[in-house]
Amino acid sequence: MYIKRMEDEPSATGNLYPNAENILTQAVGQDAQFRPGQVEAIEQALKPGSRSLLVQRTGWGKSVVYFVSTKLLRARGGGPTLLVSPLLALMRNQIELAAKYGVRAATINSANVEEWNDVITGVERDEIDCLIISPERLGNEGFRDTVLAPLQRRIGLLVIDEAHCISDWGHDFRPDYRRILLTASNLDECASILCTTATANDRVISDIGEQLGSNIEVMRGPLMRESLHLRVLPRIDQAERLALLERIIPTLAGSGIIYALTVADAIRVARWLESRGMACGAYYGELDGDRRLELESAFNRNEIKCIVATTALGMGYDKPDVGFVIHFQRPGSIISYYQQIGRAGRAIDSAQIILLQGPEDDEINDYFIECAFPAKDCFTEVVAHLQQGPLSSVQLRVRTNYRDVDILKALALLEVHGVVEFNDKKWQLTGKPWQHDGLRAEEIGEIRRKEVEEMRDYAAATECRMLYLARALDDQSVTEPCGKCDRCVKIERPKIARQSVLDALQFLGRDVHKINPPKMFPPGTVAEARKKIEEEWMPRQGVALCAYGDAGWGKLVREGKYSTFSFSDELISPSVEAIRETGFEPGWVTWIPSARQPQLVPDFARRLAAALGVEAVDAVEKTQQNAPQKTMQNSTTQFKNVWSSFEVKGARDGPCLLVDDVVDSGWTLCAVGVRLRQAGVAEVMPFALATARPRSDS
């Protein structure tokens, strides 16, 4: 593998492509000039059959390279470009930018289903210069058959954006990125492949080279940006961090991004800032598409001070005047961290980068590492069941005790390794031998734990923070301290008003969560397929007082469940308030019985009933000892585990409040709620003291 260091020197090939310069000036303006290294990258991308990796800092102009290359390629009769891009926000930016360069670009993704037919027609008629897709689209059988199969031999340039995702060691192991390699193997021999990323150290570059072939040419430039002012604050709890955000955000120039590790935290932080009079919004993968577009537009126009985001607003998102990036929690790797702080300071002289830390950071990052790969037994069971014949993912779920996401990950990884294939809506074995060791799961998990440790070391570093980042990313261009970070210059720690911390604690105490009972029986339970729960049996939407373990009531719930074995009276009043705010007026209270802690929930439920002024009724009996619900991994096994384990006795007619301590999947409350409705209870509302921390990396 050849690695070419692209330093900030004048381009030696700037006059090789006058047409490229014309495209640039028409798009950007008459005074526009290529940055050092851009023309060389375009030249490389246009070489028939070339394989190249472009590693350049965020904002350098990697998109200029592939759109100018596309325009030149099409002008000389070449085939269209297929651009694989990871995020919807990034795709929208790319569509807009492509138009400036005269490139006819279109996308097929989950947010524009109504446009698919027109796009497919445009591809068939060769009226589209650049088709932009997500890597997940390559896993869709319909797309592969109707769009990709007839297109891939005509592709002139395959662009893999955020190519570090190909690497086992990179930002995230995404099997769908590995599917790109299958697509690449079916290209015409004259088609070129251009990989781009802003975050790749030597280890990741080597891994990408291993995946794409030793003949790949790596073009690498300096990664650090002089506009960034790096700062890290000591670990504090959530209430203090919320108060700190209230204190410092109004002092920061421009608009910015606050990153949180989980969806729940992104929503919580946004709600807090809004309650303190700041214009902001929460941005995450599951957010409604129209709302995401609305937030992006408002943020781009600087109509809101900040967006509180998960990684869904990360790679490649382009807003040139982002003035600050704050992390509410510590990311799991330097690569993730650099990706996110790279959103700031692109076209401005100074941007503030502030890393906050909390006691929950390591727990969340450990959770992500543990969930990155399915367990070895999951792969073994999937293969064993497929040896009996083709099965759908739902049929595999019914036959195993693994989460849907784990089964789908296992199938995707097995497909990447050629062990299974998807035909006629079912998975089947190909006959290729399979060994779990080939996935390097344990090795990758260990690398990720080292990355978490490296991020902890960064937070505790006593040297220049920019030097630390440069060394971690193997960027040899930084040799002197930045003179701007909190290790190079003394920066006074902001003082937090005590009243603000108290307000934050009170806010967290009101951080109730909705409990949405499932509307369908899982497959393989009351029927082979999913079946709708009859309306007259459905419990209504309920509430949980807090998130388990969080600052506020979450700590008290954890203490009561595992330390004192009794829930504090302090939880009664906020529980009553949370229930009354729903508008539900219970006529009586009952609870989910437990053989392991038989008095814990009943004791609290009786005190809660007294505070509500209603009767407490021991109406639900546990008829058999089942496995702990937390050991059940999917909805089918979760439902089966509780459906035959409870029986209703002595129920009352009026509206019932059904109480439990911690809700996770929700199937226990749903199953018992359905049993109560079937016993003639007029209305059932679930209530839990806490919801298990909802976790998500998008």
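Strands count as paired here if DSSP finds at least two bridges between them, while helices (H or I, at least four residues) and strands (E, at least two) are DSSP runs, numbered from the N terminus. Within this pair, I108 stands opposite I133 in β5. To get from β4 to β5, the chain passes through helix α5 (residues 116–124), and this β-α-β crossover is right-handed. Right-handed means that, with the strands pointing away from the viewer, the path from the first strand over the helix to the second runs clockwise.

Before going further, please note that this is a predicted model, in which local features need pLDDT of at least 70 and side-chain atom pairs count only at pLDDT 80 or more, while totals for chains, interfaces and linings use all residues. Residues are numbered from 1 along each chain as its sequence is written, and side-chain values use heavy atoms, with hydrogens and water left out.

Back to β5 (residues 130–133), which has another partner: strand β3 (residues 81–84) pairs with β5 over four bridges, again in the parallel sense. Here L83 stands opposite I132. Strand β5 is covered on both faces, with C130 and I132 buried on one side and L131 and I133 buried on the other. Buried means under 20% relative accessible area, exposed over 50%, and partly exposed in between (1.4 Å probe, protein chains only).

Now step back to the whole chain. Its secondary structure comes to 24 helices and 26 strands, and buried residues make up 57% of its 698 residues. The C-alpha atoms fill a box of roughly 85 × 65 × 45 Å along the principal axes. A compact globule of 698 residues would have a radius of gyration near 26 Å, and the 27 Å of this chain agrees with that. The radius is taken over C-alpha atoms, and the globule rule is 2.2 Å times the number of residues to the power 0.38. Among contacts between residues at least 6 apart in sequence, 78% join residues at least 24 apart; contact means heavy atoms within 4.5 Å.

What sits inside? The largest nonpolar core has 114 residues, of which L230, I258, L273, I326 and Y458 touch the most other members. A second, separate core of 31 residues includes L24, I42, A45 and V159. Such a core is a set of buried Ala, Val, Leu, Ile, Met, Phe, Trp, Tyr and Cys residues joined through side-chain atoms within 4.5 Å. Not counting residues up to four places away in sequence, Y458 touches L230, V232, I334, Y337, L355, R465, Y468 and L469.

Strand β25 (residues 656–663) is mostly covered, with seven of its eight residues buried. Four bridges join β25 to β21 (residues 588–591) in parallel, and seven join β25 to β26 (residues 684–691), also in parallel. You can follow L657 in both directions: L657 stands opposite V589 on one side and opposite M685 in β26. Together, β25, helix α24 (residues 667–678) and β26 make a right-handed β-α-β unit.

Helix α21 (residues 572–581) has I572, P574, S575, V576, A578 and I579 as its buried residues. Their cover includes β20 (542–547), α20 (553–564), α22 (600–612), β25 and β26. Just after α21, G583 takes a positive phi of about 85 degrees.

Next, find D511 in the loop between α19 (498–509) and β17 (513–515). D511 counts as buried because its relative accessibility is 4%. Leaving aside neighbours within four places in sequence, D511 is in contact with R268, R271, L545 and C546.

Finally, consider the cysteines. How many disulfides does the structure hold? The structure holds zero, a disulfide being a pair of cysteine sulfur atoms within 2.5 Å. The sulfur of C378 is 12 Å from the closest cysteine sulfur, in C371, so that gap is too far for a bond. C378 counts as buried at 0% relative accessibility, and C546 counts as buried at 2%.
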